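Biologist: Let's talk through the ligand site in this one. Could you show me the model before we start?

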Amino acid sequence: MHKDLLKRIQALIFIRVAVVTLLLGSFYIFRIGYDKLLHPTAFSLFIIFLYLMSICYALMLRWLKEDGRFIAFAYAQIIIDVVSEVVLIYMTGGIASMFSFMFPLSILSAGIILGRRACYIIATLSSVLYGALIDLQYYNLIKIPAGVLFIDRDFFYNIFANFIAFYLVAFLSGYLSDKLHKATKSLEERETVLSDLKAFSRYIIESMPSGVFTTDLSGRVITFNTSAQEITKLSREEVTGKTPEDLFPFLKNYTETMERMEGDILRNGEAFPVGMRLSPLKDGAGNPIGMIGVFQDLTELKAMEAEVKRKEKWAFIGELSASIAHELRNPLASLKASIEMLCEKKVSGEHADRLMKIALSEMDRLNGIITDFLLYARPKDLNKEAFDLHQSLRNVVTLLQGSETNRKDVTITAKLDGSLLINGDAKQLQQVFWNLGINAVDAVYEAGDIEIYTVRRNHKVEIIFKDTGVGIDAGEIDKIFYPFFTTKEKGTGLGLSIAQKIIEEHGGKITVSSKGFGAGTTFKVILPIR
Ligand code: ADP
Ligand code: MG
């Protein structure tokens, strides 16, 4: 506010010098109405006085800067101006002077610098002084030679017209200065609101726990918040002007459709993971003005993930070990019982033979479980080659038809026309098909149908095993791929887990659907064809 006032006072001093120079100087140089001058020397002195005053004001201004009494200073100047104007008019012929228009200038400057009240004060002062001068001239109390003859009416009319003009100017400039003040004030208020808002959003960005940076349209980093500096251990100065790719090399693979990116960056020579979301930065009108990136340090998250994975793995191993122990204990128990009885030597020859057969078959079973388990736990390397999928499936059908387990009334229909070459480990895949086939045969209670066929879809082939067997309970369908899950008395529960493992190693998928108990089951193997 003070600064504003100071500026206006400076302008007033400057304009005064200009007006004095222009008006009085030209008046003096061209000697217009010079003959009307009462005392030409006094007039020159008057001009010098005005210049000196201007210099004084300028000097005082410097000295006043600390004091702050600008308003009094401005009043003093304007009052001195008005008095000077009266003196000027006195010297240039009183009523005949053409300088009465100078009063409104002072009134106007009072309005601009000091406000509405000052306008009326200065207008009143001007009226009183001017009126007094003209009256004195009229009553001949001071001698001013009037160049032309003026009659009485002229004097009163002149005073009257000037008074009206002074107050009119006071009213107008007071009104305008009020308006101006109000407008400046509301503008200032709006500016503070805006700058508060700007500061507020800056605080938000600075206080965010995520790293935030923005770039301009040419892709250069222009802001880099505190968290960003903490995460990257780079200072704002180090990053401004660089491109985001310089700082986060993994952004080289960024495309606009990407939701989020993860990658490593170097911090003090050590790589650590960050997750980043990059999106266009837009102005209020929605025009793009750059990019904004929000990123987080993922070190802790990754460590936690790894920890969870490790725990899951151990939980799985624990579960698996319990199942293995359980599976092995059953045959071992009957083996032990058989041998104990044989040791006691109380059993007859025929009975002893039977016990020995049981012992042998339990050993076979133990061996079978271990072989199957190893197949699951330590799968052989894939021996990939091009082979005829249809031929492989036909082989399985033939084997199933001749299988010992298949002594029921099962009809197997295979819709396998011609040959279908795929790439894969023929032996291991045949194992998969065999496991699925045997399960289907097992599922059929006394009589039923099994359908085996393939469907080609884009770059994939679907191999379908459909049976009309017992189906799978909704509660169990999630568990059938677990190792050792079985509902069969002599089952190992490894068939489907092995099948799933082999298919996954081929880049395929195995799915199951069943309408529930008694409604049949469909297994679908999806394999890529290359
Ligand atoms: P196993 O055949 O030794 O039981 P699997 O892993 O092959 O082990 O199968 C696990 C379980 O899934 C079976 O015990 C059975 O309950 C269920 N199952 C698998 N295939 C079928 C099928 N086609 N119909 C109904 N149940 C099935
Ligand atoms: Mg099985």
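Modeller: A pocket, on a 1 Å grid over the protein atoms alone, is an open set of points where a 1.4 Å probe fits, with protein on both sides within 12 Å along at least five of seven lines. This is a predicted model, where local features need pLDDT of at least 70, side-chain atom pairs need 80 or more, and totals for chains, interfaces and linings use all residues. Residues count from 1 along each chain as written, chains are lettered from A and ligands numbered from 1 in written order, and side-chain values use heavy atoms without hydrogens or water.

Biologist: Where does ligand 1 sit?

Modeller: A molecule sits in a pocket if more than half of its atoms lie within 2 Å of the pocket's grid points. By that test, ligand 1 is in the largest pocket.

Biologist: Which element gives the largest share of the shell around ligand 1?

Modeller: Elements are DSSP runs, with helices (H or I) of at least four residues and strands (E) of at least two, numbered from the N terminus. Those giving two or more residues are helix H14 (495-505), strand E12 (521-528) and helix H13 (426-443). The largest share, 3 residues, belongs to H13.

Biologist: Which side chain has an N or O atom 2.8 Å from an oxygen atom of ligand 1?

Modeller: Polar contacts here are pairs of N or O atoms within 3.5 Å. Leucine 496 uses a backbone N or O atom at 2.8 Å from a ligand 1 oxygen, and glycine 495 has a backbone one at 3.4 Å. The side chain at 2.8 Å is that of lysine 488.

Methods: A polar contact is a pair of N or O atoms within 3.5 Å; within protein, one must be able to donate a hydrogen and the other to accept it, and residues adjacent in sequence count only if both atoms are side-chain atoms. On a 1 Å grid over the protein atoms alone, a cavity is a set of points where a 1.4 Å probe fits but cannot get out, and a pocket is an open set with protein on both sides within 12 Å along at least five of seven lines; lining residues have an atom within 4 Å of a point.
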